[in-house]
Amino acid sequence: VTGGALTGSSAYEVYAVRYGTRSTHRDDVYLNYEIYGEPDQPIEMDYFFWLARNADRTILIDSGFAPTVGARRGRTTLCEPTEALRRFGVEPRNVSQIVVTHGHYDHIGNLARFPDAEIVISRREYDFWTGPYGSRAQFATSAEADEIDHLRRVAERQGMTFVAEGAQPSPGIEVIEVGGHTPGQLVVLVDTEAGQAVLASDAVHYYEEFERDWPFTFVADLEAMYRGFDTLRDIVSDDGRVLVAGHDPDVMRRFTACGDDLAGIAVRIG
Ligand SMILES: [Zn+2]
């Protein structure tokens with residue numbers, strides 16, 4: 001991780017956009033929760049994608065679940081992602097790039113709504129989902145076959161931008177490949193005026209998961225998941241960086257609330 005000096009020109013406004021939610025239980029989200037000897041309790045799970053924009057670029061980090069898919073899976077759509085973007089004054093054609101953190105349904109749904117955007121994904125992640133193991137039941141349950149097919153079509157027809165550890169898909173944006181949750185799970189670091197927003201996506205669903213070192217229930221490589229926690233601890237030990245968990249309702253309290261028709265839907269990071 002280089003971090004690097006912030007330049008005014010590459011600093012972004014960064015927003016976490018809470019487009020969906022559901023209620024669940026701790027033993028549903030933490031791997032082998034019973035080993036911790038704590039009672040099961042309800043927990044809320046929010047669903048986010050992230051918007052980074054400056055004078056030159058409008059970039060999404062993930063694109064949320066498709067409302068129909070979310071409904072089938074018992075998730076509530078609070079604000080359909082393209083509608084949320086519209087409230088920012090962003091039309092799909094204005095989105096220049098989408099950095100996909102991993103191939104799960106709640107991160108790549110709606111990609112087809114952005115035919116003009118450059119799609120960026122880890123080579124390892126793409127190869128996994130389009131290879132022989134992504135379709136096996138324990139993995140496939142977290143993905144939608146037609147959305148993986150869409151990734152294939154992007155790669156074959158429009159061209160996909162494949163990245164690996166340390167790549168900078170745009171100025172002021174860096175990806176860290178941590179694996180763990182999925183084979184090529186990315187963390188995305190975005191320069192803001194106040195420092196770097198560390199968009200953990202599903203490398204850290206909950207702050208509690210990170211602070212208590214409790215792996216998430218869906219895991220491709222447990223050792224890599226723990227190592228990802230360590231990598232993130234190292235990254236956020238720098239005062240100039242702020243961790244943004246991927247599914248934690250507390251994100252809405254930790255950062256600056258947006259008003260008007262984005263109230264309860266979006267917060268500004270940094
Ligand atoms: Zn997720």
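Phe65 sits in the loop that runs between strand 3 (58–61) and helix 2 (67–72), where helices (H or I, at least four residues) and strands (E, at least two) are DSSP runs numbered from the N terminus. The model is predicted, and local features need pLDDT of at least 70, side-chain atom pairs count only at pLDDT 80 or more, while totals for chains, interfaces and linings use all residues. Residues are numbered from 1 along each chain as its sequence is written, and side-chain values use heavy atoms, with hydrogens and water left out.

### Surroundings of Phe65

Because its relative accessibility is 0%, Phe65 counts as buried; buried means under 20% relative accessible area, exposed over 50%, and partly exposed in between (1.4 Å probe, protein chains only). Beyond its neighbours within four places in sequence, Phe65 is in contact with a set of residues that includes Tyr19, Gly20, Tyr47, Arg75, Pro81, Tyr105 and Asp106, contact meaning heavy atoms within 4.5 Å. Glu80 lies 15 residues from Phe65 in sequence, and the C-alpha atoms of the two are 8.8 Å apart in space. Phe65 also belongs to a cluster in which ring pairs link it with Tyr19, Tyr47, Phe49 and Tyr105.

### The zinc site

Asp106, one of the contacts of Phe65, is also a ligand of the zinc ion, which is coordinated by Asp106 (OD), His107 (NE2), Asp202 (OD) and His247 (NE2) at 2.0 to 2.3 Å. Donors are N, O and S atoms within 2.8 Å of the metal (3.2 Å for Na, K and Ca), and since water is not among the atoms, sites may look incomplete. The angles subtended by the four donor atoms run from 92 to 157 degrees, and the arrangement is therefore irregular. For that term, four donors count as tetrahedral if all angles lie between 85 and 135 degrees; four count as square planar and six as octahedral if opposite donors are over 155 degrees apart and all others between 65 and 115; anything else is irregular. Along the sequence, the donor residues follow the spacing D-H-x94-D-x44-H. Asp106 lies in helix 4 (residues 105–108) and Asp202 in the loop between strand 10 (195–201) and helix 8 (207–212), so this pair ties together parts that are 96 residues apart in sequence. Asp106 is buried at 5% relative accessibility, and Asp202 is buried with a relative accessible area of 2%.

Strand 9 (residues 186–192) is joined to strand 8 by five bridges in an antiparallel run, with Glu177 as the bridge partner of Leu186. Strand 9 also pairs with strand 10 in the antiparallel sense over five bridges, and these two strands form a hairpin with two residues between them. Across this second pairing, Val190 stands opposite Ala197 and Asp191 opposite Gln196. Seven of the seven residues of strand 9 are buried, so the strand is largely enclosed by the rest of the structure. Leu186, Val188, Val190 and Thr192 point one way from strand 9, whereas Val187, Leu189 and Asp191 point the other way.

### Aromatic pairs

The structure holds 18 aromatic pairs, in which rings of Phe, Tyr and Trp (its six-membered ring) have centres within 6.5 Å; planes under 30 degrees apart count as stacked, over 60 as edge-to-face and the rest as tilted. Two of these pairs are set out below.

| Pair | Centre to centre | Angle between planes | Class |
|---|---|---|---|
| Tyr36 and Trp214 | 4.5 Å | 20 degrees | stacked |
| Tyr226 and Phe229 | 6.4 Å | 85 degrees | edge-to-face |

Tyr36 lies in the loop between helix 1 (26–29) and strand 2 (42–53) and Trp214 in the loop between helix 8 and helix 9 (222–236), so their pair ties together parts that are 178 residues apart in sequence. Tyr36 is partly exposed, with a relative accessible area of 22%, whereas Trp214 is buried at 4% relative accessibility. Tyr226 and Phe229 are three residues apart in helix 9 and are therefore separated by about one helical turn. Tyr226 is partly exposed at 33% relative accessibility, while Phe229 is buried at 0%.

How values were computed:
Pairing = 2+ DSSP bridges.
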